[in-house]
Amino acid sequence: MRAILINTGTELLLGDVQDAHLAFIAREIFSLGLQIEERRTVPDSDVIRRTLTELFPHCEILFVTGGLGPTTDDITREMVAESLGLELHQDPQLLAWLEERLQVRGIKWTSGIARQAEVLPGARVLPNENGSAPGFYLKANINPRIPSPHLFVLPGPPRELQPMFTKFAMPILKSIVEVPLPVERRSYSIAGVGESLVEKAIGEKVLAIPGVELGYCARPGEVEVRIIGHPDAIQTADAIIRDELDVSIFSDNDEALEEVVVRLLKRRNQTLATAESCTGGLIANRITNVSGASEVFLAGYVTYANSAKIDVLHIDPKLIDKHGAVSEAVARAMAEGARTRAASNYGLATTGIAGPTGGSDEKPVGTIYIALAAEESETLARKFVFPTDRETFKQLAAQAALDLLRRSLLKE
């Protein structure tokens, strides 16, 4: 069955609010063998009605989100009614429930609130246990004169939509969707390998397996590989992906790279300190975003100026004078200084040129040195060049540093 999603809300098109519904609904319905084939975002205007009318012939299930509140720009009910040729009427039970809800919460009643008690004939009300605007479901072809799909109309706030969808919409969907063929979805997060190289390594081999859908999603310093298909075919594809990409795969369960690093450190009962220059504390920030990081992360030093590198990490000024702050030698000294000062098992350091100024022929903008110091082993150092904007440079640098640590933890 074809499923389409319409997000309503001028605020979405202005960029004031980001859509949180596509990802949630897509994940929920996947277990039913359904995928969102198309998503539209429309303003709070007559465009809603025109879009509904346009999409009715192109799907069997249509989700509509937003525009069910009490204000004048909440017009989704009216647009749905017009597109179906039906008349809204006030539901006395809903009206009484709204009045009681507002009275309990000490909220003043306004005439607009009563609009939320208006329903279409034949609609099944989806209770809102976390807000005042109920949703509703309309079966396919509810008006025999106007062909239409199964229609789910849902509130805009995620904290209202998500529990409503899980508790009330999903049981309806299960009753109208044919039992799907077995289908499985797997994803792999890959670091240190570009999207084109990932595709070259696995693309032809995986696509040669009948019934497997293969997709990629590139992010700074990371590629997600996604496969969908029959469990037997997925098992074959999984073996190929793991064999070809091996240690470059850092997660197959949507873990962030920093989560993997913290987990590996915990498993080994080891600790980490960071010394950051060009990344400005981003590595430490990512590590400390992980619950339980305090068990393994001891300290983070942001030594942006040369004087800070000297005073905080005790780097020899002559080393900076000879090699420059952006150099392998200084990166090594920073990592070793952080590890020594924090008395940690590992010290991870970054120093580079984020740009857009400050580069040279020898060290162009985007140059970065990453070093990893460890107990009883030689300090590792790697050079990368990420010629991009400052923010993306920092993301790429932090990703490369965390991946260097992850790979080292796997080897030891």
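Which strands does helix α14 (residues 390-411) lie across? The legends below take this up, one view after another. The model is predicted.

**View 1**
Helix α14 spans residues 390-411 and lies across β9, β11 and β12. Its direction is at about 95° to β12.

**View 1. Four strands form an open sheet.**
The strand order is β10-β11-β9-β12. The pairing is antiparallel. Strands of a sheet pair through backbone hydrogen bonds, either parallel or antiparallel. Which strands stand at the edges? They are β10 (213-219) and β12 (249-251). Each has a single partner strand, so one side of each is left without a neighbour in the sheet. Neighbouring strands here are turned by 30° against each other on average, direction ignored.

Strand β9 covers residues 184-191, and strand β11 covers residues 222-229. How many bridges join β9 and β11? There are 8, and the two strands pair in the antiparallel sense. R186 stands opposite I227 in β11. A191 has E222 of β11 as its bridge partner. Now turn to β12. Strands β9 and β12 pair over 2 bridges, also in the antiparallel sense. Here S189 has S251 of β12 as its bridge partner.

**View 2. L272 and its contacts.**
Which residues does L272 touch, leaving out those up to four places away in sequence? Among them are I287, Y346, L348 and L405.

**View 3. F24 is placed in helix α2.**
Helix α2 spans residues 21-30, and F24 is found in it. Is F24 buried or exposed? The relative accessibility of F24 is 9%, so F24 counts as buried; the cut-off for buried is under 20%. Leave aside the neighbours within four places in sequence. F24 is then in contact with L161, Q162, F165 and T166. F24 and V262 are 238 residues apart in sequence and 27 Å apart in space, C-alpha to C-alpha.

**View 4. A cis peptide bond joins G355 and P356.**
Omega for this bond is about 5°. Where is P356? P356 lies in the loop between β15 and β16.

N269 has a phi of about 55°, although N269 is not a glycine. N269 lies in the loop between α9 and β13 (272-276). Is N269 buried or exposed? At 70% relative accessibility, N269 counts as exposed.
A343 also has a positive phi of about 55°, and A343 is not a glycine either. Its place is the loop between α13 (328-342) and β15. A343 is exposed, with a relative accessible area of 64%.

**View 5. The whole chain, for context.**
The chain has 14 helices and 17 strands. Its C-alpha atoms fill a box of roughly 85 × 55 × 40 Å along the principal axes. What radius of gyration does the chain have? It has 28 Å, while a compact globule of 412 residues would have one near 22 Å. Of the 412 residues, 49% count as buried. Take the contacts between residues at least 6 apart in sequence: 68% join residues at least 24 apart. The accessible surface comes to about 19900 Å², and 50% of it belongs to carbon and sulfur atoms.

Notes
Residues numbered from 1 in each chain as written. Predicted model: local features only at pLDDT ≥ 70, side-chain atom pairs only at ≥ 80, totals over all residues. Heavy atoms only, no water. Pairing = 2+ DSSP bridges. Axes fitted to C-alpha atoms, helices over the stretch in contact; angles between N-to-C directions. Contact = heavy atoms within 4.5 Å. Buried < 20%, exposed > 50% of the residue type's maximum accessible area, 1.4 Å probe, protein only. Rg over C-alpha atoms; globule rule 2.2 N^0.38 Å. Areas by Shrake-Rupley, 256 points an atom, 1.4 Å probe, with all protein chains shown as cover.
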